[in-house]
Amino acid sequence: MKRCAYGAAAAVMLAACGEKVAAPTAGDAPKTTTAELTISCGSVGQDFEICKKLTDEWSAKTGNTVKLFTAPNSTTDILALFRQQFGAQSSEMDVVMVDVVWPGVIKEHLLDLAPYTKGIEKTHFPAIIANNTVDGKLVAMPWFTDAGLLYYRKDLLEKYGQKAPDTWEEMTATAQKIQDGERQAGNKEMQGYVFQGKSYEGLSCNALEWVASYKGGSVIEADGSISIDNPQAAKALDMAAHWVGTIAPKSVLSFGEEEARGVFQNGNAVFMRNWPYAWSLSQKDDSKVKDKVGIAALPKGGADGQSAATLGGWQLAVSKYSKHTDAAVDLVLYLTSKEVQKQRAIVGSYNPTIPELYKDADVLKAAPFFGSLYQVFTSAVARPASVTGEKYNEVSSAFWNATYTTLSGQAKGADSVKKLGQELTHIRRGDQW
Ligand code: GLC
């Protein structure tokens, strides 16, 4: 298969791509037949807007057109939708965004990109390329990486003589103190801590951070063993349950990323757990917390614990059922290119997947924490997706449900992790995942 060079003039490119070029008719300007692609590229924060701008640029260069599919916010809902589309072998979607935990789940519906990339994947983080390579096939190109971060209000910490917390215990105490102080001073809306507490994949990400920070493992270890039923994991979940209704509003149990960001960006939270995308939005002119935000690594689980960030991130892939494979691959290679990743890092604080860009002065100016917290991004804890393969979503949904049950006060941490351990054994069925 030939691949279309996105920099090339439209007609040349179309010929190279094997698309039909209509013969000019007398008196008419030459007409070309171009591909009409559909891409699903997200709707959280600035996802849609930035994707639109970049796909428009690619369209102008190539003569192809791109329609944006409006995906739901929650990764769990996006997966359900893609599964329906793939199940029907629908050609409606050409290019799809792929969560870092999905390659093993949807691999059979994605095109192997290796024959088209000319080795460009070697310029990306090797761990992400390994993650995206399933059964020897490169099923997706890395687009941006993610890691959980602690956002805090610099101004409020200063006002109350506090520092960014090292441990969750410190975070809890500081959050309570500032919440109480601000409420007394008249802001009844003030919350100590907001995070992603609704029943979906984002809760698995938060919970893995709590558990790993108390050295309670990563639910299922790389060798396939189920490790979640342990006292440290139980302790971590109990700690988080204690936040609900004290430093976090009860409504945190229905928060995804955007709900947490809404509260924080409106000036109504001291701390927030979120992904890097929230940074650029918090610094916009319409943000109530512009110039008041600091970012740190997430707190440790007690003095003996460790700071743990869940590894997130998104890839772009071509659906096997696409009728415009060459153009779709070209769009993927364009959007994941160094130039585009640089722009997206600057405008949207999306973490590049190309290590070189972490030394780029323009990128570091726009998102200084890409440099200061580089280690957080390179040593983030992976969810047990590679080891559980196709069963990952079932595994994760058992984990977020067990966590939700604890957060909502229906069970204690110890009972939840015990039951979860049993459920996971059942999902595994035998020795192999
Ligand atoms: C972010 C992460 C993704 C994760 C999701 C959970 O989008 O990049 O990996 O699954 O959040 O809500």
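The lining of the largest cavity in this predicted model comprises 11 nonpolar, eight polar and six charged residues. In total, 25 residues line the largest cavity. Closest to its centre are Val44, Asp146, Glu257, Trp275 and Trp314. Five elements are listed as giving two or more residues to this lining: the helices α3 (75-87) and α9 (201-213), and the strands β3 (95-99), β6 (141-147) and β11 (311-318). The structure holds four cavities of 30 Å³ or more.

The position of the largest cavity follows from the domain layout. The protein is divided into domain 1, which spans 7-147 + 311-378, and domain 2, which spans 149-296. Both domains give residues to the lining of the largest cavity, so this cavity lies between them.

The contact between the domains was examined next. The C-alpha centres of domain 1 and domain 2 are 31 Å apart. Domain 1 brings 24 residues to the contact, and domain 2 brings 16 residues. The size of an interface is often expressed as the accessible area lost when the parts come together. Here, domain 1 and domain 2 bury about 1,500 Å² between them. Carbon and sulfur atoms account for 67% of that buried area. The count of salt bridges between domain 1 and domain 2 is zero.

Rolling a probe the size of a water molecule over the atoms shows where empty space is left. The largest pocket has a volume of about 420 Å³. Its lining consists of 23 residues. Ala127, Asn131, Leu311, Ala380 and Ala382 are the closest of these to the pocket centre. Two or more lining residues come from each of the helices α6 (126-132), α17 (374-378) and α18 (385-388). Helix α6 gives the largest share of the lining, with four residues.

By class, the lining of the largest pocket divides into 15 nonpolar, six polar and two charged residues. Domain 1 and domain 2 both give residues to this lining, so the largest pocket also lies between them. The largest cavity and the largest pocket are thus both placed between domain 1 and domain 2.

Methods: Residues numbered from 1 in each chain as written. Predicted model: local features only at pLDDT ≥ 70, side-chain atom pairs only at ≥ 80, totals over all residues. Heavy atoms only, no water. 1 Å grid on protein atoms, 1.4 Å probe; cavity = no way out; pocket = protein on both sides within 12 Å on 5 of 7 lines; lining within 4 Å. Points joined across faces, edges and corners; volume = space filled by probe spheres on them. Nonpolar A, V, L, I, M, F, W, Y, C, P; charged D, E, K, R; others polar. Domains from an automatic or database assignment. Contact = heavy atoms within 4.5 Å. Buried area = accessible area lost by both parts, 1.4 Å probe. Salt bridge = Lys/Arg side-chain N within 4 Å of Asp/Glu carboxyl O.
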